[in-house]
Amino acid sequence: MAVMSPKDFATATPSWWCPGCGDYGVLSALKQALAELGKQPKDVAFISGIGCSGKISGYLHSYAFHGVHGRALPVATAVKLANRDLTVIAAGGDGDGYAIGAGHFVHAVRRNPDVTYIVMDNQTYGLTKGQSSPTSATGYVASVSPDGNPDTPLNGLALALAAGATFLARGFSAQPKQMVAMIKAAIEHRGFSIVEVMSPCVTYNKINTYAWFKENVEDYTATEGYAPNDRVAAFRALTRDGDIPLGIIFKDERPTFEDRTGLPETPVAHVDLGASRADLASMQAAYR
Amino acid sequence: MIVNSVEVMFGGQAGDGSLTTGDLIAGVFKRMGLEVYTYKDFPSRIRGGHTNYVIRASTHADYGMADAVDALVAFDLEAVQAHIDEMRPGGFIVFDNTSETVPDELRRGDVTWYEIPLAKIAKEELGLELVRNTISLGVLGALIGMDPDVVRHDVRGVYARKGEKVVDLNVRAIEAGERFVIENFAGRPSGYGLTAGADGDRLIMMGNDAIAYGALVAGCRFMAGYPITPATDVLEWMSKQLPKFGGVVVQAEDELAAITMTLGAAFTGVRAMTATSGPGQSLMTEAIGLAGVLEIPVVVVECARTGPSTGMPTKTEQSNLNHLIYSGHGEIPRVVIAPGTVRESFELTATAFNLAEKYQLPVFVLTEQALCQSKATLAPLDVGAVEIDRGKLIAGGEVTFGEYKRFAFTEDGVSPRVIPGVPGGMHLAPGSEHNDAGVITENARNRARMMEKRMGKLVAMRDDLPRAVLHGVADADIAILGYGANRGPIAEAVQRLAAGGVLTRFLQLRTLWPFPEDDIREFVRGAQHVFVVENNYTGQLMQLVRAVVGPLDALHGVRKYDGRPFRPIEVIESVLDTCGLALHAPGDIAEAI
């Protein structure tokens, strides 16, 4: 395994994020995790959505794809199917993943492709200047909900668990060590792994601040006796009242989408297209 | 006397088995050496509802529907009610009178009625009502003079996999039908002479199968799609075949996923496609723009049906041309090509992949229900003639990081394209405007250059686009333009008009975007009348033609928007009426030429 440094995954592109944005912590943890795993930038496909968090793909030296709003997961799923040798990571914000992309989120979970998905949750829409997001608290006052957000916040990880998730983790961008460990575990997990990171928006969300999170998160999986392979315990952890649980909350083994689609070992991207001409011609017999 | 041209229609309720019987008779006509076209007119439901299946046989390849129905096999009264007006004078109707009778007001005197208790015979003589379809085949064969040996051969072939008992039952059903005709009716209806020739080495294939096959041969190894009529056949075909060739098919959760998956696979270096129809195409619009700006080669098959909204899902229309050409915010280069025959469905789909990769943009293959779900006879397809040109793809080796620029400005606007895994090629592919290295920028000069680079590909590709096909007489006074499934009825109209002394020229467009302005300008030169034949209300093709040739008084739209394909007589009559012409001899309008 090549010795890699987080710097090997840095780009020269200056960041467009606000100073103090939680996403900086996520980016540096991701670089650290990739370096510690000995990944090469050429073998990493990094697919992101749209929004502040979606900009992350511009800051990771890799094969990066910054597509349309909410569609990172179908792109990432197909990249993995097209070349199963790649390390495929998708990333985006809570709006990208849980609002406009919620449909794809559920189906990516069902399929279980060997893809890691990092959701940076700041509980607001940052790039459009602070509207309610699917994870904003009920009553959250924002420009389009001046009398308070009327919706119930979405519990993305619980939704994923119900849809058949095989890896669920939650981190906090001010706790880099834990984030690095869970991103590494997520990438190494064979199947669809979700890492949701509490990533404060320092510009628009004046409620869910760094200080607020420090008061309201708990490293739940450090609780004695917590077994991350217990689906019911995981659901209880994710849906309980009280502090937000952090850590690897659930982990399960299930055949991946690549396995279930019978994908050959040779990456589809490297199939010799010139081969099998005789087989192709003989198919016409069925139409004679 | 109509020699070797017959249109047979099976009409009944969906689920009655009209399709199986129709396919059988299509196969029999093929084996008799005739050219066949089939047309499915079925409701958007699985059981019940009036359905009909048309099989047109003639001696001309690539014809479509005939002028009228020669022989209607009506399994119920509804079929008579729905199609009595489409009957050709002198034609005949086989009616199952087991439980219904034909009221007097429907009894056209210029058609011959063969009322046969098909269901009763099936039940009483053969013990299974379901085989009334096969009995009707025996009846029809005896009435129009099909080779009985060929009929038996094909019935055996179709039912072989169901076992000898089923084969035997169906052969006996054929015999029962033939016997009934001999015992009850004196002779055959006049006017139908089918001469048996040699089948030769030919295929009978549906347009959608030809598209899927063309894609596979062209190296497509990834398809994502969401089931939608009339495009689902492509997804089903690929699902069976792609895995055998190292590829993969995904049934996506919606069309948004289908197209973005297609982009993902193409970005990773796989020849990828999706297939959809109007409603799905609407959902795919945003991602098509992404393919344009990211210069990702994708092939999108559009099997058009009637719109707007749900429209008539199983009926044909050419109303999505504007959508394919103009849809989406912003401006991207794109290609729209339209096959006019089953053979072209194979060939142009293969071409689409080369165009997509060579010029790194989305390519639409536009077809419609009356072609993509229709079967036709054709000579075997030449797999060896399909060349795979992957353009400036860098799938192996390495490039030098810092020097390599994914969106480099080049003379033809096409940049060398690396795929993930190639050392040194790491870059960002952003849907935002970017510089040659893929870095997001809003710089004014870069923006203008990037627009010119991308849009300029449309000019660079001109010589690679499928050319229009000229039919008829090049310097005739009357010019006709059309595309897609209308190729058949227009080409037939051109031939029959010529036989009656009216010469016409017909340009079958195969590239619809970039619009072939030069070809059209050249084609209409010297014409006294220009007709644009299309299946939509607003004249989408005619508007494009008018933009090229100017507002001519002599530009005439021939349009049909009832969900049904053109019959050649509709084109013939439009031309004659508009131009104030008559044929030398009225009889020449007949289909036998």
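Visitor: How many helices and strands does chain A have?

Guide: In this predicted model, chain A has 10 helices and 9 strands.

Visitor: What makes chain A count as compact, or as extended?

Guide: We set its radius of gyration against a rule. The globule rule gives 19 Å for 288 residues, and chain A comes out at 20 Å, close to that value, so chain A is as compact as a globular protein of that length. Along the principal axes, its C-alpha atoms fill a box of roughly 70 × 45 × 40 Å.

Visitor: What share of the residues in chain A is buried, and what does the word require?

Guide: A residue is called buried if 20 or more other C-beta atoms lie within 10 Å of its own. In chain A, 53% of the 288 residues are buried.

Visitor: Why is the sheet with E9(A) and E19(B) said to have edges?

Guide: Let's follow the strand order. The sheet is open, with 8 strands in the order E9(A)-E5(A)-E6(A)-E4(A)-E3(A)-E1(A)-E2(A)-E19(B), and its pairing is mixed. E9(A), residues 247-251, and E19(B) each have a single partner strand, so one side of each has no neighbour in the sheet and they stand at the edges. From one strand to the next, the twist averages 15 degrees.

Visitor: How do you know that E2(A) and E19(B) are paired, although they belong to chains A and B?

Guide: Two strands pair if there are at least two bridges between them. Strand E2 of chain A, residues 63-66, is joined to E19(B) by 4 bridges, therefore the pair passes that test. These two strands run parallel, and one of the bridges links His66(A) with Pro430(B).

Visitor: And what makes E4(A) and E6(A) a pair?

Guide: The test is again at least two bridges. E4(A), residues 115-121, and E6(A), residues 193-198, share 6 bridges in the parallel sense, so they count as paired. Ile118(A) stands opposite Val195(A) in E6(A).

Visitor: Which helix lies across E1(A), E2(A), E3(A) and E4(A)?

Guide: That is H2(A), residues 72-82, which runs at about 180 degrees to E3(A).

Visitor: How many residues take part where chains A and B touch, and which element of chain B gives the most?

Guide: The contact takes 50 residues from chain B and 47 from chain A. On the chain B side, H9(B) gives the most, with 8 residues. The residues of that side divide into 35 nonpolar, 11 polar and 4 charged.

Key
Residues numbered from 1 in each chain as written. Chains lettered and ligands numbered in written order. Predicted model: local features only at pLDDT ≥ 70, side-chain atom pairs only at ≥ 80, totals over all residues. Rg over C-alpha atoms; globule rule 2.2 N^0.38 Å. Buried ≥ 20, exposed ≤ 12 C-beta atoms within 10 Å, placed from the backbone. Contact = placed C-beta atoms within 7 Å. Nonpolar A, V, L, I, M, F, W, Y, C, P; charged D, E, K, R; others polar. Axes fitted to C-alpha atoms, helices over the stretch in contact; angles between N-to-C directions.
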